[in-house]
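This report describes how the parts of one protein chain are arranged. The sequence and the structure are shown first, and the description follows.

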Amino acid sequence: MSDTLLIIEDEQLLGSELMRHFRHAAWDVVWARTFKDARRHLFDRELDPLVVLSDINLPDGNGLDLLDEVRRHGGRGEWVLLTGYGEVPDSVRAMRLGAFDFLTKPCEQDHLDLVINGAARGARAQRRLQDESENRARRYMPDSFTGRSDPTRKVRELLTKLTQVPFSALIITGETGTGKGLAARIVHHGGPRAAGPLVEINCAALPHELLESELFGHEAGAFTGARGRRRGLLEQAHGGTIFLDEIGEMPVDLQAKLLKVIEDRSLRRLGGEREIQVDVQVLAASNQNLEEQIRNGGFRTDLYHRLSVFKLELPPLRERIADIRDLVPQFIAEYNAIAGRKVSDIPDEVWTQLESYHWPGNVRELRNVVERCVLFATDQRFPLEWLQLGSAAPAADAQGGTSVGEGRLCLPLDGSMGLDDMVGRIIEVMLHRNGNNVAETSRVLKTTREKVRYRIEKYNIKVSE
Ligand SMILES: Nc1ncnc2c1ncn2[C@@H]1O[C@H](COP(=O)(O)OP(=O)(O)OP(=O)(O)O)[C@@H](O)[C@H]1O
Ligand SMILES: [Mg+2]
């Protein structure tokens, strides 16, 4: 499909010349000879041109008035304006209306091509952004938090309220895979800050110093290795939302700094003097019990109170089993579409097993199970043989569902173990096998000693000498 270029030009000769030229360049050209004609295309026929090339002085109106009207109606597309030689264009007004460029007639063809191509690139980028954000807004509505159970209904009600009021902070708690990330996206994309950025950071993923400079940014030379200045994530989230995942892992001194930012609505970059205003909504998620962490000194009471003005508690899937009846068809439809399958019959035995399992990995685990079954399905039937849910009771394995065999290590792929825990477990087992010898362990794992040492510290692995 070729892109539409709307030419608004009353001069017959110039108009037909432009039309011929741009048709040749594979544009779908529409030529309007008057102001009224152009209005008819843009409003009555809802033409959505990628680029508009418009004369300013038309016999029955002004090109800028038309641009003004289009913008007020939310019309998109880039506008390039043409003025006659010797006319003084109302450039201030044109800039305010977001015109792409001004050209004076007569205009060199090469230059005109350059400008129109630039405008087309800009318009395409804008369109992509707009489509993406509309997509996200559709995908992340409170209704996208699927499930018919009472607890889930309550979650949806609270999500709906949260998208309707401006608020500064929210704590989202729940076991792994219960939908904390999904809830955060719904709150942002469904709420008044949807047009602003959503910046996500996992506080468990970075060591202390890096987390600090990521969050607060730094000036050049603030610390060794700080080349150049950098805006931190809190600054980048200005006007939008920051999602602090696994907030329970944030070091206590950074918690104090974060609290100050929330209260003062301003921050200083590392090594910086200047106070920078930031307006952010803070969503903090945790799968740990923060109240308990407060008791043993791992989390600051004041930050907790500041963040927990609103609290969203996501119950584990085993406490809302009724949701499975809605989640499963939704996930089947998704994977049918991705993998070109047509699974539609779900045998009773499948429901029975799904509804009696304890779901340690919650909705994520359910999603993974459905994915596997849809991919392995050979006809319309949901394949019972691929459910493989294991026992109905929690695995009585001290190693969190892993087991070590001769020369191999088994890790659960049912969503009950996250990547970080897997990596930690691998290092732990390898160290043990290699007599706690870091050099030997790093050699076998084909990595560096530094990386192994870093991970020993990060995952708090006990190394008995
Ligand atoms: N109520 C729900 N409706 C539809 N999809 C859901 C729902 N809850 C969770 N999901 C899906 O389950 C998966 C896991 O959810 P999510 O990543 O939000 O969990 P989480 O609580 O952030 O987990 P973790 O603590 O491990 O980060 C995602 O694919 C998410 O879209
Ligand atoms: Mg998450």
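In this predicted model, five strands make up an open sheet in the order β9-β12-β15-β8-β16, and their pairing is parallel. The edges are taken by β9 and by β16 (311–313), each of which pairs on one side only. From one strand to the next, the twist averages 15 degrees. Within this sheet, β12 and β15 run parallel and are joined by four bridges. T241 stands opposite Q281 of β15. Helix α6 (residues 150–164) packs on the sheet, where it touches β8 and β16, and its direction makes about 155 degrees with that of β16.

Another open sheet of five strands has the order β2-β1-β3-β6-β7, again with parallel pairing. Its edge strands are β2 (28–32) and β7 (101–104); each has a single partner strand, so one side of each is left without a neighbour in the sheet. The twist here averages 20 degrees from one strand to the next. Strand β3 (residues 51–55) pairs with strand β6 (residues 78–83) in the parallel sense, over five bridges. L53 has V80 of β6 as its bridge partner.

Helices also lie against this second sheet. Helix α1 (residues 12–24) lies across β1 (4–8), β2 and β3, and runs at about 170 degrees to β2. Helix α2 (residues 35–44) packs on the sheet by touching β1, β2 and β6, its direction making about 135 degrees with that of β2.

| Helix | Residues | Strands touched or crossed | Angle |
| α2 | 35–44 | β1, β2 and β6 | about 135 degrees to β2 |
| α6 | 150–164 | β8 and β16 | about 155 degrees to β16 |

One residue of strand β1 may be considered individually. T4 is found in that strand, β1. Is T4 buried or exposed? With a relative accessibility of 15%, T4 counts as buried. Leaving aside its neighbours within four places in sequence, T4 is in contact with W27, D28, V30, L47, P49, L50 and V51.

The description now turns to a pair of helices. Helix α8 (residues 208–216) packs with helix α10 (residues 252–264) at an angle of about 10 degrees, and their axes are 11 Å apart. The two helices, α8 and α10, are therefore roughly parallel to each other. On the side of α8, the contact is made by H208, L211, E212 and F216, while α10 contributes D253, L254, K257, L258 and V261. Sorted by class, the residues in the contact of α8 with α10 are five nonpolar, one polar and three charged.

The buried residues of α8 are L211, E212, S213, L215 and F216. They pack against β9, β10 (217–218), α9, β12, α10 and β13 (266–267). Just after α8, G217 takes a positive phi of about 75 degrees.

The largest nonpolar core has 31 residues, of which L215, L234, L244, I247, M250 and L307 touch the most other members. At least two residues of this core come from each of β8 (169–173), β9 (198–202), α8, α9 (233–236), β12 (241–245), α10, β15 (281–286) and α12 (301–307). Which element supplies the largest share of this core? That share, five residues, comes from α10. I247, leaving aside its neighbours within four places in sequence, is in contact with C203, L258, A284, A285, S286, L290, F299 and L307. Apart from this core lies another one, of 25 residues, among them Y335, V350, Y357 and F382.

G177 is buried, its relative accessible area being 8%. Leaving aside its neighbours within four places in sequence, G177 is in contact with G361, N362, V363 and R364. The C-alpha atoms of G177 and L317 are separated by 8.9 Å, although these residues are 140 residues apart along the chain.

Methods: Residues numbered from 1 in each chain as written. Chains lettered and ligands numbered in written order. Predicted model: local features only at pLDDT ≥ 70, side-chain atom pairs only at ≥ 80, totals over all residues. Heavy atoms only, no water. Axes fitted to C-alpha atoms, helices over the stretch in contact; angles between N-to-C directions. Parallel < 35°, antiparallel > 145°, perpendicular 65-115°, else oblique. Contact = heavy atoms within 4.5 Å. Nonpolar A, V, L, I, M, F, W, Y, C, P; charged D, E, K, R; others polar. Core = buried A, V, L, I, M, F, W, Y, C linked by side-chain atoms within 4.5 Å. Buried < 20%, exposed > 50% of the residue type's maximum accessible area, 1.4 Å probe, protein only. Pairing = 2+ DSSP bridges.
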